[in-house]
Amino acid sequence: MTGLPWDASYRGGPAPWDTGRPQPAIVRLASEGGFAGAVLDAGCGTGENGLHVASLGLSVLGVDVAETALAIARAKAGDRGIEAEFAAADAFHLERLGRRFQTVLDCGLFHTFDGDERPGYVASLASVTDHDGALYVLCFSDDGPDTGPHPVSQEELRAAFSPGSGWNVVTIKPDRVQTRYHDDHGAPAWLATIKRI
Ligand SMILES: C[S@@+](CC[C@H](N)C(=O)[O-])C[C@H]1O[C@@H](n2cnc3c(N)ncnc32)[C@H](O)[C@@H]1O
């Protein structure tokens, strides 16, 4: 678990990626009916994306290793009157949750992992995702100027979520990720739609 270093980034003010709003890409995806059934938000941070999805009436569990972020997420849910669960869990051992999900969201988590960490994470995601369930990965892309700190290529996404690992990459589309240190236009991103085989 890499909880302590991550937790520190949530103390003493918002983390660089924590804009206090759901990502526009996720809001759009939700408005298009992209989320169904039980939803897992892996690496949920302070919960803006999960809370948005929960506000639409879906059952959402957000998990993170940063207790400070989880406490903020729970407080927001209470303040806004939104029913959503936030729990401490390691994304490398999601099977320990003992739960399954029809839709899984990864907003900014995959791109934090090194290449040698990805197979374990991808297998962990597979262990909790229903057959034919959907996984959305919104990550910094290597496409264009002013990329985020851990840009990922389309090839890396396809290699990580290969059919051999139980996934089928349906689409990878250019999108944007908002941060506190980019202008309103955000940073170049990929939005990958990936199905569990
Ligand atoms: C870049 S932040 C994105 C947070 C949130 N999804 C958002 O969009 O604001 C990555 C998040 O993943 C969490 N994280 C890192 N490693 C993790 C792990 N092994 N298991 C669960 N969460 C993890 C961090 O604590 C952090 O909250």
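Tutor: In this predicted model, the lining of the largest pocket comprises 17 nonpolar, 13 polar and seven charged residues. Here Ala, Val, Leu, Ile, Met, Phe, Trp, Tyr, Cys and Pro count as nonpolar, Asp, Glu, Lys and Arg as charged, and the others, Gly among them, as polar. Altogether 37 residues line this pocket, and Trp6, Trp17, Gly43, Cys107 and Gly108 lie nearest its centre. A pocket is an open set of points on a 1 Å grid over the protein atoms alone where a 1.4 Å probe fits, with protein on both sides within 12 Å along at least five of seven lines; lining residues have an atom within 4 Å of a point. The space in the largest pocket is about 730 Å³, a volume filled by probe spheres set on the points. Two elements, α3 (48-55) and β2 (60-64), each give two or more residues to its lining; helices (H or I, at least four residues) and strands (E, at least two) are DSSP runs, numbered from the N terminus.

Numbering starts from 1 along each chain as its sequence is written. Local features need pLDDT of at least 70, side-chain atom pairs count only at pLDDT 80 or more, totals for chains, interfaces and linings use all residues, and side-chain values use heavy atoms, without hydrogens and water.

For valine 65, a backbone N or O atom is 3.5 Å from a ligand nitrogen.

The second largest pocket holds about 190 Å³. Its lining has four nonpolar, four polar and four charged residues, among them Arg28, Tyr136, Lys173 and Leu191. Here α2 (24-31), β6 and β7 each contribute two or more residues, and β6 gives the most, with four.

These strands belong to an open, mixed sheet of seven strands, ordered β3-β2-β1-β4-β5-β7-β6. Strands β3 (85-88) and β6 (167-177) are its edges, each pairing on one side only; pairing requires at least two DSSP bridges. Strand β7 (187-196) runs antiparallel to β5 (129-140), joined over seven bridges. Within β7, leucine 191 faces leucine 138, and Leu191 also lines the second largest pocket.

How values were computed
Polar contact = N/O pair within 3.5 Å; in protein donor to acceptor, adjacent residues only side chain to side chain.
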